[in-house]
Amino acid sequence: MSTRLKSLLSYGIPVVIAVVLYVTAQSVDRAMANDFTGLFLLMTLAMAWNLVGGFGGQFSLGHSIFVGVGSYATAVILTTLGWPLIPTVLAAAVMSALIGLLLAYPLLRLRGPYLAVGSLGMAVASYGWMINWNFTKASQAYAIPVSGQISLQETYQYATILLLIAVVSIVALVRSPLGLRLVALRDNEAGAASIGVKRVRTLLPVWALSGLLTGAMGAVYALQSGSLTVDATFNIQFSLDAAIVCVIGGLGTLSGPVIGSIIIYYLRKYAADFANYALLIEAVVLVIVVRFFPSGLVGLATKGYRSITSRRTDASKK
Amino acid sequence: MKKKMLVAAAVVAAAGLVLSGCSASGGAGDDIVIGASVPLTGPLGTMGTPVSMGYQAAVDEINAAGGVDFGGAKHKIKLVIQDNASDPAKASSQAKSLVLDSKAVALLGPVTPPLSIPEATVADQLKVPFLTSITPIRAFGGANPNWNYAWDVFFDELQMTQTQFQASDLINTNKKVVLFTDTEEDGVVMGKLWEANAPKLGYTIVGRETFAVDNANFSSQVAAAKKSGADIVIAQVIPPEAIGILKEMKAQGYDPKAIFMEKGGNTGNFVKITGGLGLGVMAANWFAEGMGLAREKEFIDKYAAKIGGINSDLGILVCGYSIANVLADAIKVAGGTDPAKLSAAIGKTNGDYAIGHIQFTEGHAAPLKVIQTQWDSNNNQVMVLNLEGKAATPIVTPEAGLK
């Protein structure tokens, strides 16, 4: 298969799936629409985090800031400016991308666990600021105005388009020269620097894209929730969820966040019936994956596939 | 890369279809499913437990009588209660799941605005009737003046924020007041009303300490309050904050003549959980012995021992019991569970229930009148100011627990 056809398929398949899902959205039952919205938002969050945490090797615990900024920007713009929904979501995403650039600049001076702790500190500080900021109603609930109250099926359509944008933009970035520089920096920073790869110049646009996608996810999350609280949107759990999903699926892979999201989303949904055991069940799954499949389920599948093909090759040689 | 993408796409489609098929299984039969996402754990767990007991008590009674009568048949109620752990995000997602997955035809609410408002928003979004309590009506209406499917039965902050001054009139003080208010809906709404009411009723607000919900360190706020020389402290806080403030007051030797702890002091075993510091703390209440409610004695006899005294927990239980009955009556009046008809029937409620007369006015709210009560050593809240704003049992002053 030619490289051009491969490239066409890798963009074409997600586009076709997204178009089918978008067109059939209005005929989907409300429960399913809500379920898929939640799943697609988790996928988008995990893919955006994976860009920084997986491909870039920057273990961020500050992505909850982008979710919070995206969701509150949506609520504030709809309430005070009364913009239509699409420009509102775009503005919220751009605002989040700018925050991404602002945060990345000082954070990129840190490496490894220091970056994780630094980003966590920023997330905690943002939470502290927001819970006291009267402009966004401090710790009161901030209701999305009537203009933003759309049906579950419409929210599902927004989530579908957002996921498609995330997939296409991330695939494009990973395959671009910027993506190659990003992976080179992660794998061997000194080596990459020796061939002229600039750390800050490479990582800044990646953080901006990750912030943009996570902010847009926060905007759609706001539409799905109907009302916002700082506890719900600036919650560090978002960063942890993204990391957990990527670790289970496969860090630094394109399909890892997708597979990890499906597992975590439905595991939580059905384990919720077991009340307090739900967290225990999730923890056990996570420990098993980390202990026995450190490269995630995608890594396990790839290993299995290689093992089978190499056996076949050996057998044919004999 | 392409293969991985294909695998991922196939897994999404297959898993989605299989798992969504799973979620559609199960039926309620002739039963009516009513959902309730309440805080059984977390900072508001002490309030969520009695409200869920009230819901269950009402449903058990209705089912024991055969169920709700409509369409020529009696339908039993299946009450699905979930614990939202006092988390607004979880409350919102559980409310959604109760309607979409458990097929609840109506929702009974949690407690307090931070949890009730997100659930009410979900109810309006999904067009499902929602009835809540333990949520002051101005905070409820302030979040959305145009609720469509959400209804609230509780006190009006305007009346409630006068009772602290009326009770203070019954003792000798320097009429100086310091406020402790957190930044959630109740703190914001009531804080403004206390500031507005104080001068009209002859009191001076000498300080207002505000802080984020779940604040744990009150040293600077208590120091400022002590320095202001106020004889009266009025706080609008959640239970853990109330405990923190009392501990800090004890540590700094600040023992004012009257302490009102709204919401924070409305929790069972308050004297015990504060290690005795809460003895003598006052709080507005909507149920107490001697208040004159028709079924007062019945509920005290039946539940006071079980719940640990005649206190706010019992009042919360009675509120839960009452609104569950309002909902059941509305289903009967609506002749079924059609959401629009049921919501309209709730709005037309005009009758006497265990918690008193319930009639909805503007803003989808039915106001209840409150009294003032004071914690005694038997884990009871004794009425010190009655419904007419007059003296009942004499107030013990200064606050005994801080001596």
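## A salt bridge between two helices of chain A

In this predicted model, the side chains of Arg268(A) and Asp241(A) come together in a salt bridge, with an N to O distance of 2.7 Å. Arg268(A) sits in helix H12 (residues 256–271) of chain A and Asp241(A) in helix H11 (residues 237–249) of chain A, so the contact ties together parts that are 27 residues apart in sequence. The two partners fall into separate accessibility classes: Arg268(A) is partly exposed at 27% relative accessibility, while Asp241(A) is buried, with a relative accessible area of 9%. For that second label, the cut-off to keep in mind is that buried means under 20% relative accessible area.

How many salt bridges are there over all chains? A search of the whole structure gives 16.

Let us move to chain B. Glu195(B) and Arg208(B) form a salt bridge through their side chains, at 3.2 Å from N to O. This pair links distant parts of the chain, since Glu195(B) belongs to helix H7 (residues 185–200) of chain B and Arg208(B) to strand S9 (residues 204–211) of chain B, 13 residues apart. Glu195(B) is partly exposed, with a relative accessible area of 36%, and Arg208(B) also counts as partly exposed, at 27% relative accessibility. Elsewhere, salt bridges with shared partners bring Asp35(A), Lys269(A) and Asp101(B) into one network.

Another pair to look at is Lys175(B) and Asp169(B), whose side chains meet in a salt bridge at 3.5 Å, N to O. Here Lys175(B) is partly exposed, with a relative accessible area of 33%, and Asp169(B) is partly exposed too, with a relative accessible area of 44%.

## The cavity

Rolling a probe the size of a water molecule over the atoms shows where empty space is left. In this structure there is one cavity of 30 Å³ or more. The largest cavity holds about 120 Å³ of space, and 15 residues line it, with Phe154(B), Phe155(B), Lys263(B), Asn266(B) and Trp286(B) the closest to its centre.

What kinds of residue make up the lining of the largest cavity? They divide into nine nonpolar, three polar and three charged. Strand S7 (150–155), H7 and strand S11 (258–263) of chain B each give at least two residues to this lining. Both domain 1 (32–155 + 295–368) and domain 2 (158–289 + 371–402) of chain B contribute to the lining of the largest cavity, with at least three residues from each.

Is H4(B) mostly covered or mostly open? It is mostly covered, and 14 of its 14 residues are buried. Directly after H4(B) comes Lys127(B), which has a positive phi, near 60°.

## Backbone features to inspect

Most residues other than glycine have a negative phi, and most peptide bonds are trans. Against that background, Lys103(B) has a positive phi near 60° although it is a residue other than glycine. Lys103(B) lies in the loop between helix H3 (88–100) and strand S5 (106–108) of chain B, and it counts as partly exposed at 44% relative accessibility. Asn269(B), not a glycine either, has a positive phi of about 60°. Its place is the loop between S11 and helix H10 (270–273) of chain B, where Asn269(B) is partly exposed, with a relative accessible area of 29%.

Where is the cis peptide bond with an omega of about -5°? It joins Thr397(B) and Pro398(B). Pro398(B) is part of the segment after strand S17 (381–385) of chain B.

To finish, go back to chain A and find Val94(A) in helix H4 (residues 85–107) of that chain. Val94(A) is partly exposed, at 43% relative accessibility. Val94(A) and Leu209(A) are 115 residues apart in sequence, and their C-alpha atoms are 9.3 Å apart in space.

Key. Residues are numbered from 1 along each chain as its sequence is written. Chains are lettered from A and ligands numbered from 1 in the order in which they are written. This is a predicted model: local features need pLDDT of at least 70, side-chain atom pairs count only at pLDDT 80 or more; totals for chains, interfaces and linings use all residues. Side-chain values use heavy atoms; hydrogens and water are left out. A salt bridge is a side-chain nitrogen of Lys or Arg within 4 Å of a carboxyl oxygen of Asp or Glu. Helices (H or I, at least four residues) and strands (E, at least two) are DSSP runs, numbered from the N terminus. Buried means under 20% relative accessible area, exposed over 50%, partly exposed in between (1.4 Å probe, protein chains only). On a 1 Å grid over the protein atoms alone, a cavity is a set of points where a 1.4 Å probe fits but cannot get out, and a pocket is an open set with protein on both sides within 12 Å along at least five of seven lines; lining residues have an atom within 4 Å of a point. Grid points are joined across faces, edges and corners, and a volume is the space filled by probe spheres set on the points. Ala, Val, Leu, Ile, Met, Phe, Trp, Tyr, Cys and Pro count as nonpolar, Asp, Glu, Lys and Arg as charged, and the others, Gly among them, as polar. Domain bounds come from an automatic or database domain assignment.
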